[in-house]
Amino acid sequence: MSAGANNGPASKRRELAIRAGLSICVCILLGCSGKPQVPPPENLGEPPLVFDQGLSTDEVVANVYLDATSSMKGFVKADQIEPYLGTIEKAEQVFAIGWSKASVHCFKFGAKIVPLPGESCHLYVFKEGFYNLPKSEDITRIDEILEKSPQDAKNLTLVFTDLYQDRADIGRLLRAFRDSTIPRKLSVGIVGIRSNFRGKIFDIGARSFSGEWDTKGNRAKFRPFYLFIIGRRGNVSHFMDELFRRSKDTGPDQAVLLSPDVTASLVEWSKTKRLIEQGLVERRSLFQAPKSRFSYGSLQVRGRSTCTLKVEADYAPVKYAPTLDWNHVPQPRVQVRTFQVTTDGKLQGVDLARVVDGDLQLQNNKLVFTLTIHSDRWAGRGLYAFDVRPNLEADSFRLPTWCKGWSVTEEERLGLKNPASFDGSKTLNLFEFISGLWRAMLESHKPQLGALYLYLEK
Amino acid sequence: MFNKPRSSLALPVIGVLAGLGVGLPVLYFLEPLVLDPVVSPQAGQTIEDWLREFRQLETLLVILSVAVGLLWHASTFLDAGRSGDLRLVWVGLGILFLAFACWMAVRRLPSVQEGSSGIMLCVAVNALLPYYMASAAFTVASHKYAPWGSRALRKLW
């Protein structure tokens, strides 16, 4: 037999083996180098952020403003001046004990602000003539305080007032908050306290009668006054903690903290617990990982007609802040923005409204996101990026019940024919004011609960 | 007791090397390609993490499988071969180890949403292939045809 005939099939086999080997190598090389590079998640949209980390400062400068208008006189004319006097005193104690370095400056105010010497503000409320403001100045102008009081990081502004404001006053006050407090990203704590009272209540009914109100120690008739605490969230929250620890007349159920943040910790993919991943597989190696300060999920869609992703994230509400409540908010509760990652690693917005449904539930202080992907309606193959975040509106939050329970509307006030029929245990426009301030804060800061960033390969 | 030529002591060693030489590449290079597209881990676990845990457990099983092969070699060294070739022992060892491997996989592997049958197939391969490779072609002459398919395998050899 010739050598050529003998080597023919063997050399063919060898050649085949070499070709197969080379093909495998090429496939492996292509597979390794073929991973697309994707843009970091912060490129998908405006990244969520926490404005204020909620830490108190070591040093605090407290500016305490006492409402000296005639409507406040009733709190000190009662047989017992408590809890009005005690609350001012305890607020001063908070600064003495709650901070390593604190100074207190006292002021009284009506239409004008008058500084008071010394650091013991509570002693002034007994002083003869404290409430005898000239008629032209006998009006509660908290807006003046907001404009003039220093509001930098270590300052804490405390205002003791009965907050008796008609609709025009509320508008002026809200504008002052909008112009001075909100742009500085400061928080506003409001503590309601009911106290003994014997004195006049003004502006009752359409004809602005005045009427006498005497609580005579009857707690059900106690008249409310309010303590406003304006400053950095950490300082406001710390002050409220310390005050509630010392005072038995008020507590967290009579307080609210309106802050530029709606969460103490942002929702992020790495902090979620995945409950369901039907038809989806988490795969780290789908693309070349982008450098990002946000975590993200990378998932692969498996050949199913409908895929479901359900994740649970901790909701870290801001202490004393209005609570999340979506019961009154129409759908959708979740906003899903979708992009296709192009071959050159850029993002192109795509409309997957028919393909992706998002839902969000609040269950036992957990945010449960559900994303349903109708894979059968999704034609294009490739890599997609998703930005999933809760849709927040002012109605998504519930103010504490006392805000409404202690409030009288303008209509109710105007409808009163007789001063004796006025309920002195309530405050005019309290709810309108607090809800208005909260709305203004939300609209200005547009706070976020966080965002789930996902990259999906189909 | 020991009635075999001293040179036959090399056979188990070669068997062990053959078992590991086939079992580990199959586990590390072939099975990920098979399992990756069929396995869906439970929510919260990436496919990479699942495969890593699978590899960790199965590496142990491949080593144990080769050890069972050594057990087979020990039994052939101790047996004169006058009352049969111990095929029943060879089959029995294989079946027992397969059952153990499946039990281990069910107990120790992270559960999955999909792909259980593919996983069990790979577990069976990892349990039996190293054992077979360690025993089939390298059994001493007195018992060399006890493993199924050893005649054909030896022809290739």
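How many residues of domain 1 of chain A are in contact with residues of domain 2 of chain A? The count is 5 residues of domain 1 against 7 residues of domain 2, where contact means that the C-beta atoms, placed from the backbone, lie within 7 Å.

Before I go on, a word on the model. It is predicted, so local features need pLDDT of at least 70 and side-chain atom pairs count only at pLDDT 80 or more, while totals for chains, interfaces and linings use all residues. Residues are numbered from 1 along each chain as its sequence is written, and chains are lettered from A and ligands numbered from 1 in the order in which they are written.

Back to the domains. In chain A, domain 1 is made of 37-49 + 264-395 + 448-457, and domain 2 is 59-258; the bounds come from an automatic or database domain assignment. Their C-alpha centres lie 44 Å apart. On the side of domain 1 that touches domain 2 there are 4 nonpolar, no polar and 1 charged residues. For these classes, Ala, Val, Leu, Ile, Met, Phe, Trp, Tyr, Cys and Pro count as nonpolar, Asp, Glu, Lys and Arg as charged, and the others, Gly among them, as polar.

Next, some elements of chain A. Helices (H or I, at least four residues) and strands (E, at least two) are DSSP runs, numbered from the N terminus. Helix 3, residues 84-98, packs against helix 6, residues 233-246, at an angle of about 115°, with the axes 9 Å apart. The axes are lines fitted to C-alpha atoms, for helices over the stretch in contact, and angles run from 0 to 180 degrees between N-to-C directions. From helix 3, Lys90(A), Ala91(A), Gln93(A), Val94(A) and Gly98(A) take part, and they meet His238(A), Phe239(A), Glu242(A), Leu243(A) and Arg246(A) of helix 6. That contact has 4 nonpolar, 3 polar and 3 charged residues.

Now the strands. Two strands pair if DSSP finds at least two bridges between them. Strand 2 (residues 101-109) and strand 3 (residues 113-116) of chain A run antiparallel and are joined by 4 bridges. A hairpin of 3 residues connects strand 2 to strand 3, and Cys106(A) stands opposite Leu116(A) in strand 3.

One open sheet in chain A has 4 strands in the order 10-13-18-17, paired antiparallel. Its edge strands are strand 10 (273-278) and strand 17 (356-363), each pairing on one side only. From one strand to the next, the twist averages 10°. Strand 10 and strand 13 (residues 306-314) of chain A share 5 bridges in the antiparallel sense, and Lys273(A) has Glu312(A) of strand 13 as its bridge partner.

Another open sheet in chain A has 6 strands in the order 11-12-23-19-15-16, with mixed pairing. Strand 11 (280-282) and strand 16 (347-349) each have a single partner strand, so one side of each is left without a neighbour in the sheet. Neighbouring strands here are turned by 35° against each other on average, direction ignored. Strand 11 runs antiparallel to strand 12 (residues 296-301), with 3 bridges between them; Leu280(A) is bridged to Val301(A) in strand 12.

On to chain B. Chain B has 5 helices and 2 strands, in the pattern α-β-α-α-β-α-α along the sequence. The C-alpha trace of chain B spans about 55 × 25 × 25 Å along its principal axes.

How do helix 1 and helix 2 of chain B cross? The axes of helix 1 (residues 10-35) and helix 2 come within 10 Å and cross at roughly 155°. That makes the two helices of chain B roughly antiparallel, a label for angles over 145 degrees, whereas under 35 counts as roughly parallel, 65 to 115 as roughly perpendicular and the rest as oblique. The crossing of helix 1 and helix 2 of chain B is right-handed. Residues in this contact include Gly15(B), Gly19(B) and Gly23(B) of helix 1, and Arg55(B), Glu58(B) and Gly69(B) of helix 2. By class, the contact has 13 nonpolar, 7 polar and 2 charged residues.

Last, the two chains together. Here 8 residues of chain B are in contact with 11 residues of chain A. Strand 1 (40-41) and helix 2 (47-78) of chain B each supply at least two residues of the side that touches chain A. That side of chain B has 3 nonpolar, 4 polar and 1 charged residues.

Notes. Two residues are in contact if their C-beta atoms, placed from the backbone, lie within 7 Å. A crossing is left-handed if the near helix is turned anticlockwise from the far one by less than a right angle, and right-handed if clockwise.
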